[in-house]
Amino acid sequence: MSAINGKDNNEPTIPPSALIRRVSSRSIRNSISEENGVENSTNKSFVSKYKKTPEALKSFHLNDESELEVPGTPMTPRTSTTPGHENCTFHHDLELDHRPPTREALLPDMANSYRLLLTGLGEDPERQGLLKTPERAAKAMLFFTKGYDQSLEEVLNNAIFDEDTDEMVVVKDIEMFSMCEHHLVPFYGKVSIGYLPQGKILGLSKLARIVEIFSRRLQVQERLTKQIAIAVTQAVRPAGVAVVIEGVHMCMVMRGVQKINSKTVTSTMLGVFRDDPKTREEFLNLVHSK
């Protein structure tokens, strides 16, 4: 990998369009340290730790860096070469005000890209019906991917409450709309989330908002399922989290194999839901009941 800003960087180069807010693994680590004390990180998965630690039947945590980081979250590039600004999170070389660019600032470039796409298709972007299409398409894409502008902390907005309960909480059939990152066409469906509280509960609407954060991005359903489960874990530190998504993918319906009745089901089970078959069965029965 070539050196960037005079330093070796083993991470892939991120395009300017990825200058967006992200869930901070640093803030998550700090939160865990404040509540439980700083623990030595290991290379083992939290699942193996959970299985080997009896007291983890009451609690489990994510200590590995790769597990703390929400998968698929774009990184913000550091592009300044100005001395004293090497560690700045935001700004280009000529923009030293340290303010993150707004996503609306990307609209002109995005609209031009759509205009080129229309031309490549053999269309005339200057004809009446297409005059404003590039701008509309750019705004629509920003809406479809607005989850990049949202963080878990902001969405939760302190709606975490102390409650002496350890019974299962399930919110099912949460509508979900997302964009397939492979073909840039929609997929949609329903999300069901369950968790076992340990003295803290989450405002019910926040579960739906967590779905919105991660579904309003370029996604694959498998990663989306895991992201939601990890976010709920980070929010209330439950004894277990279960997420099931049933989705319809337009990349399989309107192109390719064109199977209009196919559905994709993915699940992520963490903690007790992964290790206790009866708890997992109870959740699945509640999800599938009418």
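Modeller: Helices here are DSSP runs of H or I with at least four residues, strands are runs of E with at least two, and both are numbered from the N terminus. This is a predicted model: local features need pLDDT of at least 70, side-chain atom pairs count only at pLDDT 80 or more, and totals for chains, interfaces and linings use all residues. Residues are numbered from 1 along each chain as its sequence is written, and side-chain values use heavy atoms, without hydrogens and water.

Colleague: What does the secondary structure come to, and where does Asn-157 lie?

Modeller: The protein has 11 helices and 7 strands. Asn-157 sits in the loop between helix H6 (152-156) and strand S1 (160-162).

Colleague: Why is Asn-157 called exposed?

Modeller: Relative accessible area decides: buried is under 20%, exposed is over 50%, partly exposed is in between, with a 1.4 Å probe and protein chains only. Asn-157 has 57%, so it is exposed.

Colleague: What is Lys-259 in contact with, beyond its neighbours within four places in sequence?

Modeller: Met-252 and Val-253. Contact means heavy atoms within 4.5 Å. Lys-259 belongs to the loop between helix H9 (250-253) and strand S7 (264-271). Its C-alpha is 9.6 Å from that of His-249, 10 residues apart along the chain.

Colleague: How do you know that the span of H4 is close to the expected one?

Modeller: The expected span is 1.5 Å times one less than the number of residues. H4 (residues 107-120) has 14 residues, for which 20 Å is expected, and it reaches 20 Å from first C-alpha to last. Just after H4, Gly-122 has a positive phi of about 90°.

Colleague: Why are H4 and H5 called oblique to each other?

Modeller: Axes are lines fitted to C-alpha atoms, for helices over the stretch in contact, and angles between N-to-C directions run from 0 to 180 degrees. Under 35 is roughly parallel, over 145 roughly antiparallel, 65 to 115 roughly perpendicular, and the rest oblique. H4 and H5 pack at about 120°, with axes 8 Å apart. They are therefore oblique. The contact includes Tyr-114 and Arg-115 of H4 and Pro-134 and Met-141 of H5.

Colleague: What makes H7 oblique to H8?

Modeller: Helix H7 (residues 204-215) and helix H8 (residues 221-236) pack at about 135°, with axes 10 Å apart. That makes H7 oblique to H8. Among the residues in contact are Phe-214 of H7 and Ile-228 of H8.
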